[in-house]
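This briefing is meant to be read alongside the sequence and the structure shown below.

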Amino acid sequence: SKKAVRMFAASRAQAMMALDSVWWKLRGELDGYVDAAEEQVKAYQEAFELLAGYRHCSAGFSQVKKSYSRAESIRTITHKKLRTTWSAASNLIGELGALIVDGDVFTSLLGTECNSEQADQTVAQVKAAAAGMRMLQARFAVGGLSPPNPAPVAEVVTKIQRAYQDAKAGCQ
């Protein structure tokens, strides 16, 4: 009936809006960390440029010391941002998994046609989110920090991939 089709379309639209909300939050977290890391790199570049100037007698020691202290301060802030970003992004990946798996989103998107641009886009976004989490994981090592446990994130990504595969198999 037309009413059932409208209700299905409305629930599908609600699911996509919920997913979009989580995607944008996750993107904001990852982008916020990348911005902080770029600021850290710039601060060290400035310090190294002043050090080179000091070696060529065009910068004073106090300038070098001040610039290096600033870079170290930004490094501390960036490491804290990395930890909070990991925590927030991990939670958002979990929320994403719950929305997709518990909401049976792929079955809804694929329908009977087994072909959905939105389902493919969702899979691509999950892969991008997983890559973002791997980038964060690598930044812990680069920063000399003990890395967080990646298993919970990997588990959620695996569940999402399995949900997609199951939905694809179920509509064929």
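Does Asp 104 count as buried, partly exposed or exposed, and at what relative accessibility? Asp 104 counts as partly exposed because its relative accessibility is 40%, which lies between the under 20% that means buried and the over 50% that means exposed. The model discussed here is predicted, and the protein chain averages a pLDDT of 90, with 93% of the residues scoring at least 70.

**Confidence**

- Among the elements of the protein chain, helix H2 has the highest mean pLDDT, at 96, whereas helix H1 has the lowest, at 85.

**Loop residues with positive phi**

- Most residues other than glycine have a negative phi.
- Asp 104, placed in the loop between H2 and H3, has a positive phi of about 50° although it is not a glycine.
- Cys 57, in the loop between H1 and H2, likewise has a positive phi, near 65°, and is a residue other than glycine.
- Cys 57 counts as exposed because its relative accessibility is 72%, and exposed means over 50%.

**The largest nonpolar core**

- The largest nonpolar core has 37 residues, of which Leu 19, Leu 26, Ile 93, Ile 100, Phe 106, Met 133 and Leu 136 touch the most other members.
- At least two residues of this core come from each of H1, helix H2 (61-102), helix H3 (105-110), H4 and helix H5 (151-171).
- Ile 100, one of the core residues that touch the most other members, is in contact with Leu 19, Val 105, Phe 106, Thr 122, Val 126 and Ile 160, when residues up to four places away in sequence are not counted.

**The largest pocket**

- The largest pocket holds about 270 Å³ of space.
- Its lining consists of Met 16, Asp 20, Trp 23, Trp 24, Leu 26, Arg 27, Leu 30, Gln 118, Gln 121, Gln 125, Ala 128 and Ala 129.
- Helix H1 (2-55) and helix H4 (117-142) each supply at least two residues of this lining, and the largest share, seven residues, comes from H1.
- By class, the lining has seven nonpolar, three polar and two charged residues.
- Leu 26 is listed both in the lining of the largest pocket and among the residues that touch the most other members of the largest nonpolar core.

- Thr 78 is found in helix H2 and counts as buried because its relative accessibility is 2%, where buried means under 20%.
- Leaving aside neighbours within four places in sequence, Thr 78 is in contact with Tyr 33, Ala 36, Ala 37 and Gln 40.
- Thr 78 and Val 34 are 44 residues apart in sequence, and their C-alpha atoms are 9.4 Å apart in space.
- Pro 148 lies in the loop between H4 and H5, and it counts as buried because its relative accessibility is 18%, which is under the 20% cut-off.
- With neighbours within four places in sequence left aside, Pro 148 is in contact with Trp 86, Gln 137 and Phe 140.
- From C-alpha to C-alpha, Pro 148 and Cys 57 are 44 Å apart in space, with a separation of 91 residues in sequence.

Key:
Residues are numbered from 1 along each chain as its sequence is written. This is a predicted model: local features need pLDDT of at least 70, side-chain atom pairs count only at pLDDT 80 or more; totals for chains, interfaces and linings use all residues. Side-chain values use heavy atoms; hydrogens and water are left out. On a 1 Å grid over the protein atoms alone, a cavity is a set of points where a 1.4 Å probe fits but cannot get out, and a pocket is an open set with protein on both sides within 12 Å along at least five of seven lines; lining residues have an atom within 4 Å of a point. Grid points are joined across faces, edges and corners, and a volume is the space filled by probe spheres set on the points. Helices (H or I, at least four residues) and strands (E, at least two) are DSSP runs, numbered from the N terminus. Ala, Val, Leu, Ile, Met, Phe, Trp, Tyr, Cys and Pro count as nonpolar, Asp, Glu, Lys and Arg as charged, and the others, Gly among them, as polar. A nonpolar core is a set of buried Ala, Val, Leu, Ile, Met, Phe, Trp, Tyr and Cys residues joined through side-chain atoms within 4.5 Å. Buried means under 20% relative accessible area, exposed over 50%, partly exposed in between (1.4 Å probe, protein chains only). Contact means heavy atoms within 4.5 Å. pLDDT is the predictor's confidence in each residue, from 0 to 100.
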